[in-house]
Amino acid sequence: MVHEAKDFSALIGTLKGLSDKQLSAHLGLYKGYVAKLNEIEGRLREADPTSANYSFGEFSELKRREAVAFNGTYLHQLYFENLSAAGGLPSERLQEAVKSSFGSWDRLVADLKGSAVSTPGWVLLTRSRIDGRLHTYVMYEHHVGLPAFQDILLALDCWEHAFMIDYGTAKADYLKAFLDNVDWGVVDARYGATVPHTAS
Ligand SMILES: [Fe+2]
């Protein structure tokens, strides 16, 4: 299939604490990942798997970078989708799930902040299909660190490109802005669509 970048330009000029320049630059990077994903998938259709080589080889290099471009595309889509000027409060069922998994909403926020400090990449809030609970995980690059059987509820981009224009190295200030702009309605809808845990 051909992957297409979704149009998130309507976010520009609407979010609190994220400038037009910052968002425009970030959306440009997102489009770059989509283009690279299409390029990699196209080249993989032509590349010779029998030439694979662990040290170096066209097929091997494409395979090694395939998940980078894929997650670079779809984690950004999740990120921009969970931002909104409207913001909104989390639903009761989401608050209950957070309380049951983290103890309190404040503990989730503290966890997200601590996780953000712990990675140069992504922080994801997920619901695990293994235990049915919510978890946070930190990722490196775009493709390293996500355990299996997770449904992603919230994507928090902690790459420097997400905030350097507005905040320099003040990542904590960016986190505040991010949390001010989370569309909890989107997060709740993702939660509602997760695969329920079934006890064995
Ligand atoms: Fe990003």
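Between domain 1 and domain 2, the rule picks out 13 residue pairs in polar contact across the interface, both residues at pLDDT 80 or more. A polar contact here is a pair of N or O atoms within 3.5 Å; within protein, one must be able to donate a hydrogen and the other to accept it, and residues adjacent in sequence count only if both atoms are side-chain atoms. On the domain 1 side, the elements giving two or more residues to this surface are α1 (20-46) and α2 (58-81). Helices are DSSP runs (H or I, at least four residues), numbered from the N terminus. The largest share, 11 residues, comes from α2. By type, the residues on that side are nine nonpolar, six polar and four charged. Ala, Val, Leu, Ile, Met, Phe, Trp, Tyr, Cys and Pro count as nonpolar, Asp, Glu, Lys and Arg as charged, and the others, Gly among them, as polar.

Keep in mind that this is a predicted model, where local features need pLDDT of at least 70, side-chain atom pairs count only at pLDDT 80 or more, and totals for chains, interfaces and linings use all residues. Residues are numbered from 1 along each chain as its sequence is written, and side-chain values use heavy atoms, with hydrogens and water left out.

So what are the two parts? The chain splits into domain 1 (18-81) and domain 2 (92-192), with bounds from an automatic or database domain assignment. Their C-alpha centres sit 22 Å apart. In all, 19 residues of domain 1 are in contact with 23 residues of domain 2, contact meaning heavy atoms within 4.5 Å. Together the domains bury about 1,800 Å², 61% of it on carbon and sulfur atoms; that is the accessible area (1.4 Å probe) the two parts lose on being put together, summed over both.

Now for the salt bridges (a side-chain nitrogen of Lys or Arg within 4 Å of a carboxyl oxygen of Asp or Glu). The structure holds 11, and the rule finds two across the domain interface. Here are two from the structure:

| Salt bridge | N to O distance |
|---|---|
| R65 and E141 | 2.9 Å |
| E39 and R43 | 3.5 Å |

E39 and R43 are about one helical turn apart, because they lie four residues apart in helix α1.
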